[in-house]
Amino acid sequence: EDVQYKKKSSGSEDYAHIVLRFAESQIKSEIMADPYQNSYHHGDPDGYGTYGEGGQDGYGYQTDYPPQEEDAASDVTEGHDEDDQMYEGEYQGIPHPDEIKAARRAARTKARTAVDAMSEQEELAEQYEDIIEDCGHGRFQWSLFMVLGLALMADSVECFVVAFALPSAEKDMCLSNAEKGMLGLIVFLGMMFGAFIWGGMADKVGRRKCLIIALSINCIAAFLSSFAQGYGSFIFFRLFSGIGIGGSVPIVYSYFSEFLQMDKRGEHLSWLCMFWMIGGIYASFIAWGIIPRYGWGFSMGTEFQFHSWRVFVLVCALPAIAALIGLMFMPESPRFLLEHAKHDEAWMILKQVHDTNWRAKGEPERVFTVSQIKTPKTQEDEFFEIQSSTGTAFQRWVVRMCLCDCVLRVQVCLPMFVMLCFSYYGLAVWFPDMIKHLQYEEYESKVKVFHGEKVERFHFNFSLENQVHKGGEYINDKFVNIEMKSVKFESSLFEDCYFEDIKSSDTFFENCTIRSTVFYNTDLYEERFIDCRMENTSFFHTKKGCHLNFAEENDVLIYLVSFLGSLAVLPGNIISALFMDKIGRIRMIGGSMLISAGCTFFLFMSFSQAAIIAWQCLFCGVSVAAWNGIEVITVELYPASKRATAFGLLNATCKLAAILGSSIFASFVGITKVVPILLSCAALVCGGLLALKLPETREKVLQ
């Protein structure tokens, strides 16, 4: 430095300037240094060996940049003349992406060496992160993204199938209110059991294999349910359809996260969440396009009917089928394979990822430099003996979940999951039910009431709708080829009447006397007659099912509400994806839940259908950021050996909270909206505050 100072002693720059420039050169040389030339050793001879050196017990790792020469620091100061002009060879402060990657690895290496003892799992996680960084993010991840996105889309569609098909399905099956409620409940029960079962299986037999089996069950059950004619068979197949698709969420996020490097994990897992929104849009769009065409279809006698809603059920299985086809071309997670000591298979898959990405980027000459990956030793943990001595498989699972080191994280995550699911799914049911209630109130306000009318020898050849007839007398009248919707006869007399080709909906005879009357080819079965006295009355060719179809029965507003609610999620999805890695998971979850709690208070000002739809869109758009943050932080909190199991357990609890929330919120429709709003607000506030107790994981290597 003295020599250079004397050489430039012409006064053009002072000594401090030169010192500053020399410091910059030193920083440059440290960044360019090979982070793997400083190897570290573990005392255990059976461990990983020396990291950064090719060896029998380690994995060889070669960097693209050789270690710099000792005089590299002075080289970067060259390129200056006496006027201190900058030449091409001088460091200009814009590091190459590979230099940033090398600096990041150097920092992690320094942090590792500062730890006295590192477990094999932690060391494997660090090494795996380095390999994934070298593989890059490109064509392979985007291909897997599309395939797993379709699987997540199938999960979203499953939540909408019954809700959209039910108004038409109840005509074919003549479902009571209790049966309709059970049909909506059974899907969530199936998804709850599916998440619990497939999440645990994915940690034992593999992510890809379990996802293929789960989606196959969903597709087969959905196909059979579309042809089921009876209520019992339909609800049975929908249960198994839910069990199949219930495994998609815990497996999809665990699977995809294990192919992502740390600095891209939060963003791309958030982009993956967008497929849930796409599923809702897809379901509402095809429901609007298919179901209202109720007249389309065919029948084989009175025993087999195939109407448009059954076509809708079939079309809803297409995302799951597409995901199944795509999975046939995807490999297993190498992180899972390493956990199960399948070194060679993991190496081949990682090489495939590396080569696929760099060929697509126009750099086919890049060589996969990993020669070996040391798998962790299979050793008995501290509770292995307790597990082995426990009898059944379920008891062993309980012991493992209770004693594992993740139990504290479950205790924090579980209440947060429950609070968000209780509020979100409760309001998801409350919004459309409130709209239906307002529609019903408006419809009921227009009802026509007839008192004590007496009609003799009259031919009713026009439809009856939204009417109540009290104390009437109908003598020798004919009701032929007409439709009755929301018609009620109370304390009336029918004598020598004739009913033929009647289609009805919500039509009842209560406390009536019916004498010498014939019912031919009608759907007026005995459940429609409440406390009625029958005298010499005959029923011939009674129709099975409810065959009435009014255009209003399949109001487009039902599908529009769902479509707008799903579309409103788009801005929240984009914002959460762009800022997940910038502001962190904890702030994203807590902020989203607290803002969502504030949004629920505006529901007190909702007095019309348009206002309810507007607040629903706002709530969905804000709360989706919390969902994305929870999905991301869940896969980052748990190690690979327990990730899918823990995620499945949390997701199963989520469905249980959804059942509880939807049942409670629905029971207050038409009574009061104060209780649902206060319950939702309290749950979201508690969940947002609990989120602050979670550890931040954006700078954490995936274990």
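Begin by selecting cysteine 599, which counts as buried because its relative accessibility is 9%, where buried means under 20% relative accessible area, exposed over 50% and partly exposed in between, with a 1.4 Å probe and protein chains only. The model is a predicted one, in which local features need pLDDT of at least 70 and side-chain atom pairs count only at pLDDT 80 or more, while totals for chains, interfaces and linings use all residues. Residues are numbered from 1 along each chain as its sequence is written, and side-chain values use heavy atoms, with hydrogens and water left out.

**The disulfide**

Next, select cysteine 421 and cysteine 654 together, since these two form a disulfide with their sulfur atoms 2.5 Å apart; a disulfide here is a pair of cysteine sulfur atoms within 2.5 Å. By this rule the count comes to one disulfide. If you look along the S-S bond of cysteine 421 and cysteine 654, the torsion is about -100°, and the disulfide is therefore left-handed. Cysteine 421 lies in helix α18 (residues 407-444) and cysteine 654 in helix α23 (residues 643-667), so the pair ties together parts that are 233 residues apart in sequence. The helices carry numbers counted from the N terminus, and they are DSSP runs of H or I with at least four residues, whereas strands are runs of E with at least two. Cysteine 421 is buried at 0% relative accessibility, and cysteine 654 is buried as well, with a relative accessible area of 1%.

Cysteine 512 is buried, with a relative accessible area of 0%.

Select serine 680, which is found in helix α24 (residues 674-691) and is buried, with a relative accessible area of 0%. When its neighbours within four places in sequence are left aside, serine 680 is in contact with Ser423, Leu427, Thr600 and Phe665, and contact means heavy atoms within 4.5 Å.

The next stop is serine 226, whose place is in helix α8 (residues 207-227), and this serine 226 is buried, with a relative accessible area of 0%. Not counting residues up to four places away in sequence, serine 226 touches Phe306, Arg310, Val313 and Leu314.

Then select leucine 564 in helix α19 (residues 556-567), which is partly exposed, with a relative accessible area of 28%. Leucine 564 touches Ile613 and Cys617, again not counting residues up to four places away in sequence. From leucine 564 to alanine 614 the C-alpha to C-alpha distance is 9.0 Å, although the two are 50 residues apart in sequence.

**A pair of packed helices**

Finally, select helix α6 (residues 139-173) and helix α11 (residues 262-290), which pack at an angle of about 40° with their axes 7 Å apart. The axes are lines fitted to C-alpha atoms, for helices over the stretch in contact, and angles run from 0 to 180 degrees between N-to-C directions. Helices α6 and α11 are therefore oblique to each other, because angles under 35 degrees count as roughly parallel, over 145 as roughly antiparallel, 65 to 115 as roughly perpendicular and the rest as oblique.
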